[in-house]
Amino acid sequence: MAAVSAITLGGGLASAQPTWGPLAPPNPFLGPMGTSTMHGDAGSSDATPLAGPGDGAVGVTSYPLLAACPTVLQGSDGLVVALCTSVLGQDPTVHLIDPAAPAVPVGGSLAQLKLTKGSLLGGVYAFLDNQNRLVAVDGDRKLQRVGHANNALFIDSTVDLSGAIPDGDAVTGLAPDWQGNVWFATGGGVIGSVDTAGVAKTVAVPAGEQVQNSISTSPAGTSVATTHALYQLSLAADGTPKIDWRREYDRGSARKPGQLSWGTGSTPTYFGPTNGYEYVAIVDSADTRVNLLVHRTDTGQEVCKIPVLGAGGPGSENSPIGVGNSVFIAGTYGYPYPKVPEGAGPAVPATAPFTGGMTRVDLDGAGCHQVWDNALRSSAVPHLSTADGHLYTVLRDGTGGPLDGYAFAVIDPSTGSILKRTGLPGTTANDTLQMSALITGQGDYLQGTITGILKVGANGSGSLGSAGSSGS
């Protein structure tokens with residue numbers, strides 16, 4: 001299949017200069033911009049140049065996969081490739097879906113392919129490369145590239161990383177750089193790069209530091225957040241990863257309820273007003289009030305530290321949105337995750353109500369300032385469309401119990417107010433579990449749940465019909 005770099009489907013890239021931006025330049029080794037990684041791009045901006053469903057009438061379609069689906073991606077051919085974890089056995093399973101098909105196939109997908117189980121829930125992070133192949137590291141420490149053709153999935157190539165990753169360790173996140181190397185980080189703190197010949201070289205962070213979120217790349221380097229510090233790395237002349245800078249952050253005194261590890265819950269976010277990657281941001285895990293931290297990518301200098309989530313709770317397991325001079329943070333404090341990774345340690349307190357909250361921060365000449373702060377309880381990773389100027393997410397209604405409901409929400413990024421709210425079917429069988437959504441090239445919003453995928457379609461389309469809505 002020929003290499004591709006931009007989606008050419010029915011939805012749209014922004015046709016005029018976007019209000020929000022700029023986005024970083026597209027990575028030539030990824031698939032279509034906005035649909036090739038869990039967080040939209042290599043830099044994990046959680047911003048997309050594709051328009052979403054908007055604030056008009058929508059319909060909802062359900063893909064029942066009997067699996068939790070945190071990674072939902074779309075190739076240049078319009079087919080969706082999802083990396084899910086089966087409810088039974090918790091095996092990582094790749095699903096191939098045609099979102100444009102008039103009916104959902106029996107079983108919810110066109111094809112399925114199981115991978116070897118690895119870390120939390122069987123593995124989470126993967127990306128689509130410039131040949132529409134899903135790239136992931138399985139539980140056997142093999143870098144797998146999964147292709148598809150004729151409505152079938154197959155292993156296209158394999159690189160054995162067992163010589164670079166210790167026994168008992170597993171890859172947490174991976175992303176390509178601008179030279180075609182695939183960077184990865186393991187839960188045990190090994191950071192590595194696999195070159196185009198399949199040769200892996202690694203560097204280890206200090207003992208006791210873990211990597212529990214994905215990693216991000218930009219033309220400036222590779223960013224990794226451990227449970228203790230934020231790093232930026234590049235390659236030495238011999239291809240070995242080297243640490244350019246390291247900045248410790250306040251990780252608090254213990255893991256918090258609503259977080260999956262003791263430390264930041266952020267995948268680092270590259271963003272900036274000039275080239276889209278002059279800054280990198282995470283949220284710390286300070287005890288009483290968490291802070292947004294922004295560093296320069298070239299030096300590691302801190303340019304912004306500001307308390308966030310004042311109306312919510314002191315914790316975020318989500319990657320921030322970063323675009324232009326603006327950063328958006330969604331809180332997860334108290335979120336009732338059904339399972340946490342082995343070795344995560346007890347939460348202090350053991351449980352807490354899900355308080356959520358969202359904050360927008362803008363950088364300015366003096367550092368940064370809060371633009372707005374609200375108490376909305378996002379139960380998914382929010383995304384911002386630079387094409388239509390909307391924030392999209394799913395809100396959780398209720399007290400954190402099994403009868404809670406969920407609603408698709410369109411939010412005004414200028415004010416933090418809800419523009420449109422549309423109820424979603426079901427209760428916690430459709431828990432979105434703080435997973436990331438996909439805005440497709442057709443303008444649909446695909447959201448993973450613990451049992452499959454929900455598609456929120458624009459213009460009232462959807463096999464379940466239009467759900468009720470209200471604004472606020």
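**Notes on the predicted model**

1. By the distance rule applied to this predicted model, the count of disulfides comes to 2. When the bonded cysteines are numbered in sequence order, they pair as 1-2, 3-4. A disulfide is a covalent bond between the sulfur atoms of two cysteines.

2. Cys 69 belongs to strand β3 (residues 67-74) and Cys 84 to strand β4 (residues 80-86), so the pair ties together parts 15 residues apart in sequence. The torsion about the S-S bond of Cys 69 and Cys 84 is about 105°, and the disulfide is therefore right-handed.

3. Are these two cysteines buried or exposed? Cys 69 has a relative accessible area of 0% and is buried. Cys 84 likewise counts as buried, at 0% relative accessibility. The cut-off for buried is under 20% relative accessible area.

4. The other disulfide is formed by Cys 304 and Cys 368, whose sulfur atoms are 1.9 Å apart. This pair links distant parts of the chain, 64 residues apart: Cys 304 lies in strand β22 (residues 302-307) and Cys 368 in strand β26 (residues 367-374). The link of Cys 304 and Cys 368 is right-handed, with 75° about the S-S bond. Cys 304 is buried, at a relative accessible area of 2%.

5. On secondary structure, the protein has 0 helices and 34 strands. Five strands make up an open sheet with mixed pairing, in the order β1-β28-β29-β30-β31. Its edge strands, each pairing on one side only, are β1 (47-48) and β31 (418-423). Strands of a sheet pair through backbone hydrogen bonds, either parallel or antiparallel.

6. How do β1 and β28 pair, and over how many bridges? The sense is parallel, over 2 bridges, with β28 spanning residues 383-385. Thr 48 stands opposite Ser 385 in β28.

7. For the chain as a whole, 60% of the 472 residues count as buried. Among contacts with a separation of 6 or more, 57% come from residues 24 or more positions apart. Taken along the principal axes, the C-alpha atoms fill a box of roughly 55 × 50 × 45 Å.

8. The accessible surface comes to about 16200 Å², and carbon and sulfur atoms hold 53% of it. Charged side chains number 23 positive and 36 negative, and the centres of the two sets lie 4 Å apart.

Conventions
Residues numbered from 1 in each chain as written. Predicted model: local features only at pLDDT ≥ 70, side-chain atom pairs only at ≥ 80, totals over all residues. Heavy atoms only, no water. Pairing = 2+ DSSP bridges. Helix = DSSP H or I, 4+ residues; strand = E, 2+ residues; numbered from the N terminus. Buried < 20%, exposed > 50% of the residue type's maximum accessible area, 1.4 Å probe, protein only. Contact = heavy atoms within 4.5 Å. Areas by Shrake-Rupley, 256 points an atom, 1.4 Å probe, with all protein chains shown as cover. Lys, Arg positive; Asp, Glu negative; His and termini not counted. Charge placed at Lys NZ, Arg CZ, Asp CG, Glu CD. Disulfide = S-S within 2.5 Å.
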